[in-house]
Structures are given as structure tokens and as C-alpha cells.
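Let's take a look inside a protein chain together. Have the picture open while you read.

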Amino acid sequence: MGQIILIRHGETTWSASRRHTSYTDLELTPDGERQAHALGSALADRRFVAVLTSPRIRALRTAQLAGLAVTGTDEDLAEWNYGEYEGRTTAEIHQERPGWSVWSDGCPGGESPSEVGERLDRLLTKLHPLLDRGSVALVGHAHSLRVLGARWVGLPPSAGGVLRLDTATLNLLGHEHGRRVILRWNQPLSPTAESAATTARH
């Protein structure tokens with residue numbers, strides 16, 4: 001069986017300010033573009049039978065700048081729909097709803113944890129025949145990829161809450177003794193990859 005590489009998109013203005021971003025289509029910041037270039041250096045030796053991204057610009061652009069040959073986009077890779085909480089920070093939401101957590105409460109006018117889990121389960125089902133042929137890269141978003149990581153190892157969607165995921169990090173899902181495991185999580189880019197990306201920009 002192949003492995004699944006999960007890649008969170010590079011920085012945007014809203015991710016930098018910790019604002020919930022799902023359907024709002026934002027470009028990468030200059031730092032986000034630099035991060036995406038650095039991902040290319042880190043992935044240079046890997047080969048994929050498929051590269052799927054969220055339809056959002058920030059995910060597509062990250063894949064392109066990383067030098068990945070995108071084979072398709074999938075709405076199931078889109079970020080958690082935050083509904084009425086789109087563009088707001090957790091601190092702002094807590095002012096009117098103390099104790100709120102996306103992992104347990106979901107979002108009014110948006111998705112519940114179980115709904116996000118269902119569509120990422122659907123995505124994993126679609127990936128199964130591809131993994132028989134080799135590894136797959138998925139470029140997406142923080143919360144939805146965290147749910148995907150949890151579902152890969154059989155945990156409920158809410159377990160994604162303990163899987164912190166920073167921008168432009170590498171994550172690896174695979175197998176050990178026939179069981180699904182998380183091989184690597186939230187791995188920052190190496191200084192070598194960062195340096196190579198910076199050099200390429202000038």
C-alpha cells in the first residue's frame with residue numbers, strides 16, 4: 001500500500017491572524033509563497049500516483065508552487081464550513097459563546113464534526129484504489145486535514161483537536177503491520193528546504 005502525504009496550504013492573511021477560513025478564497029501571502037516553494041524542495045524525491053487539492057486558491061497555489069502535478073480537485077478536501085463563524089477568531093467567538101469548540105460544537109450555519117467526518121471518510125474510500133498503485137499527495141486545510149488524520153487511524157472527528165497542524169507542514173499517513181498509523185505529523189520544513197526556496201526567489 002502507498003502512503004498519503006498531507007500538506008496544509010501556505011500562509012494567508014487570515015491564517016496568520018487565526019481567523020477561521022473555509023469558503024473565503026484567499027491568496028497566499030509572500031511568506032506563504034515562500035513556504036510553498038520550500039515544500040517543493042522537501043518533496044523533490046517523492047513520486048505520486050495522484051495529487052489532489054481542495055478547490056480553494058490557497059491550496060491549488062501551494063501545490064503549484066511546490067512543483068506538484070495536480071491531477072484533480074475534490075470538494076471533500078475543502079476546509080470545515082464555519083458558517084456564521086467565517087472570518088472570526090476563536091477569541092472573538094468566545095466573547096459571545098464561552099467554551100465553544102469547533103471540535104465538539106461545530107458551527108451555526110456550517111458543518112458539524114460528524115458531517116466533516118463523513119465527507120473525509122468518503123474521500124478516504126475514494127483514495128483506497130489509488131493507494132494500491134502508490135502514494136498520494138493531498139493539499140488542503142488545517143481543520144479538515146486534522147479530521148482526516150484522526151479518521152485514518154479510526155478515531156472520531158473530534159480527535160483532530162489534538163493534532164495541531166501549522167501552515168506548510170508535511171504529514172505522513174501509512175501502515176505498520178497491516179494497521180493504519182500516523183507516521184509523521186506537523187513536520188516543519190527543514191532549514192535546507194527553506195534556504196533553497198529563498199535562494200530560488202532571488
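What follows is a walk through the core, the ring pairs and the charged pairs.

## Before we start

This is a predicted model, so to speak of local features we need pLDDT of at least 70, and side-chain atom pairs count only at pLDDT 80 or more, while totals for chains, interfaces and linings use all residues. Residues are numbered from 1 along each chain as its sequence is written, and side-chain values use heavy atoms, with hydrogens and water left out.

## The greasy middle

Let's begin with the nonpolar core, meaning a set of buried Ala, Val, Leu, Ile, Met, Phe, Trp, Tyr and Cys residues joined through side-chain atoms within 4.5 Å. "Buried" is under 20% relative accessible area, "exposed" is over 50%, and "partly exposed" is in between (1.4 Å probe, protein chains only). The largest core here has 30 residues, and the members that touch the most others are I4, L6, W80, L127, L138 and L148. Two or more residues each come from strand 1 (4-8), strand 2 (50-53), helix 5 (102-105), helix 6 (113-131), strand 4 (136-140) and helix 7 (142-152). Helices (H or I, at least four residues) and strands (E, at least two) are DSSP runs, numbered from the N terminus. Which helix gives the largest share of this core? That's helix 6, with 7 residues.

Now zoom in on L6. Contact means heavy atoms within 4.5 Å. Setting aside neighbours within four places in sequence, L6 is in contact with L138, L145, L148, T169, L170, N171, L173 and W185. There's also a second, separate core of 16 residues, with A137, V139, L170 and L172 among them.

## Rings that pair up

Rings of Phe, Tyr and Trp (its six-membered ring) pair if their centres lie within 6.5 Å; planes under 30 degrees apart count as stacked, over 60 as edge-to-face and the rest as tilted. The structure holds 2 such aromatic pairs. One is W80 with W103, edge-to-face at 5.5 Å centre to centre and 90 degrees between the planes. W80 sits in the loop between strand 3 (72-73) and helix 4 (90-96), and W103 in helix 5, so this pair links distant parts of the chain, 23 residues apart. W80 counts as buried at 0% relative accessibility, and W103 is buried too, at 13%.

Y85 and W100 make an edge-to-face pair as well, 5.1 Å centre to centre with 80 degrees between the planes. Both Y85 and W100 are buried.

## Charges at work

A charge sits over a ring if NZ of Lys or CZ of Arg is within 6 Å of the ring centre and within 35 degrees of the ring normal. Here the charged end of R180 sits over the ring of W152, 4.1 Å from its centre.

A salt bridge is a side-chain nitrogen of Lys or Arg within 4 Å of a carboxyl oxygen of Asp or Glu, and by that rule the count is 9. E75 and R56 meet in one of them (2.9 Å, N to O). E75 is partly exposed at 45% relative accessibility, whereas R56 is buried at 15%.

How many residues apart in sequence are the parts that D74 and K126 tie together? The answer is 52, because D74 lies in the loop between strand 3 and helix 4 and K126 in helix 6. Their side chains meet at 2.8 Å, N to O. D74, D76, R122 and K126 are linked in a network of salt bridges.
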